[in-house]
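Reader: I would like to learn how to read this model feature by feature. Please give me the general idea, then the case.

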Amino acid sequence: MHGEYKVPGGKLVVVDLDVEGGVLRHARVAGDFFLEPDEALDAVNDALNGAPADTDAAGLAARVDAALPEGTVMYGLTSEGIAIAVRRALAHATDWTDYDWQLIHEGPQSPALHMALDEVLTAEVAAGHRPPTLRVWEWATPSVIIGSFQSLRNEVDPAGAERHGIEVVRRISGGGAMFVEPGNTITYSLSVPEALVQGLSFQDSYAYLDDWVLGALGDMGIKAWYQPLNDIATEAGKVAGAAQKRMVGPGGGPGAVLHHVTMAYDIDADKMLEVLRIGREKLSDKGTKSARKRVDPLRRQTGLAREAVIERMIDSFRGRYGLADGKVTPGELARAEKLARTKFGSPEWTSRVP
């Protein structure tokens, strides 16, 4: 069995192993990490060998920690990362490079249609009808996107939304509200087979699926990191938030994961605070007087046009994993347009949590 895991902000960990009689055997850890002293690697392998195959990641990490020689130094490597690589091997997880990725980057679309496309395209990936897909959004109108479980009245000031012509829609994933203006926001979705995140905890899957964009930001001179559970941050502040939805495959079989991220390219903080009620409370709780101190836009940090930031992100993904240009099929678009009308554009769905 073979498992790989890129430690967030660190290096690649590779584990090859067998299972015999319900326990791990012949475990061999490798990777481009740094580890001292040399004998620490043998200690790691010995700690894994003999572990029950159903040991969870925390238990495997504890075995590794207990076996490390005194004074061991790990750089780009953690005991948790080793344990996750083992669990991914046991789960027969796939890797990014196992797939032929497709890019969808089309013209501006309505907020309700974006919500519907996320659902339809991820369902197509779950059914095996579509390859794993990176979809970059373009917004037709300003909007507030609330999480699946958020209270509409608690999140949105209706007078402020009406005054600024902002449409409110609800997405299928959890998490917090997104304030969107077409020229100020960068949003993308990943629709991926469940196998890509096999062996990862829910929290670890966020870091794993965000890792490529951290590299893309690094290429633009921005040192960014994953901040649990679902944020991407820099020393200057939060730049993005992520959300996920898991979908079951046909007949209850292996499914797919929707992972979408909204990034602040620029922000009208005063307008945001007139529209989002919860934003005022969050800022107050943190003793912050201005939203600009909580969210620091990419425009200031990169000095690049929004289109250039998007182009560099796409180029970075393509360089890592390969990426072929694609499009939404006529059938997918028809299903999404129907969902946009009957579900995501309906008051019943938007106010399902009043």
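Author: Start with T234, which sits in strand β13 (residues 231-234). Helices (H or I, at least four residues) and strands (E, at least two) are DSSP runs, numbered from the N terminus. A caution on the source: this is a predicted model, where local features need pLDDT of at least 70, side-chain atom pairs count only at pLDDT 80 or more, and totals for chains, interfaces and linings use all residues. Residues are numbered from 1 along each chain as its sequence is written, and side-chain values use heavy atoms, with hydrogens and water left out.

Reader: Is T234 buried or exposed?

Author: Buried means under 20% relative accessible area, exposed over 50%, and partly exposed in between (1.4 Å probe, protein chains only). T234 has a relative accessible area of 6%, so T234 is buried.

Reader: Which residues does T234 touch?

Author: Contact means heavy atoms within 4.5 Å. Leaving out residues up to four places away in sequence, T234 touches I222, K223, A224, W225, V239 and Q301.

Reader: Now a helix. Which residues of α2 are buried?

Author: Helix α2 covers residues 57-67, and L60, A61 and V64 are buried there. They lie on the same side of α2, because they cover an arc of only 100° around the axis. That arc is taken from the directions from the helix axis to the C-beta atoms. A58 and A66 are exposed on the other side of α2.

Reader: What do the buried residues of α2 pack against?

Author: Three elements are listed: β3 (23-31), α1 (39-48) and α3 (79-90).

Reader: Next, the backbone. What is the general rule for phi and for peptide bonds?

Author: Most residues other than glycine have a negative phi, and most peptide bonds are trans. Now look at the exceptions here. A cis peptide bond joins E36 and P37, with omega about -5°. P37 lies in the loop between β4 (34-36) and α1. The bond from P228 to L229 is also cis, with omega near -5°. L229 belongs to the loop between β12 (224-227) and β13.

Reader: Where does H26 lie, and how exposed is H26?

Author: H26 lies in strand β3. Its relative accessible area is 42%, so H26 counts as partly exposed. H26 is not a glycine, yet its phi is positive, about 55°.

Reader: And where is H92 found?

Author: H92 is in the loop between α3 and β6 (102-105). H92 has a positive phi of about 55° and is not a glycine either. At 56% relative accessibility, H92 counts as exposed.

Reader: Step back to the whole chain. How many helices and strands are there?

Author: The protein chain has 13 helices and 16 strands. Of its 354 residues, 52% count as buried. Residues 24 or more positions apart account for 71% of the contacts with a separation of 6 or more.

Reader: What radius of gyration does the chain have?

Author: The radius of gyration is taken over C-alpha atoms, and the globule rule is 2.2 Å times the number of residues to the power 0.38. For 354 residues, a compact globule would have a radius of gyration near 20 Å; the protein chain has 22 Å, which agrees. The C-alpha trace spans about 65 × 50 × 35 Å along its principal axes.
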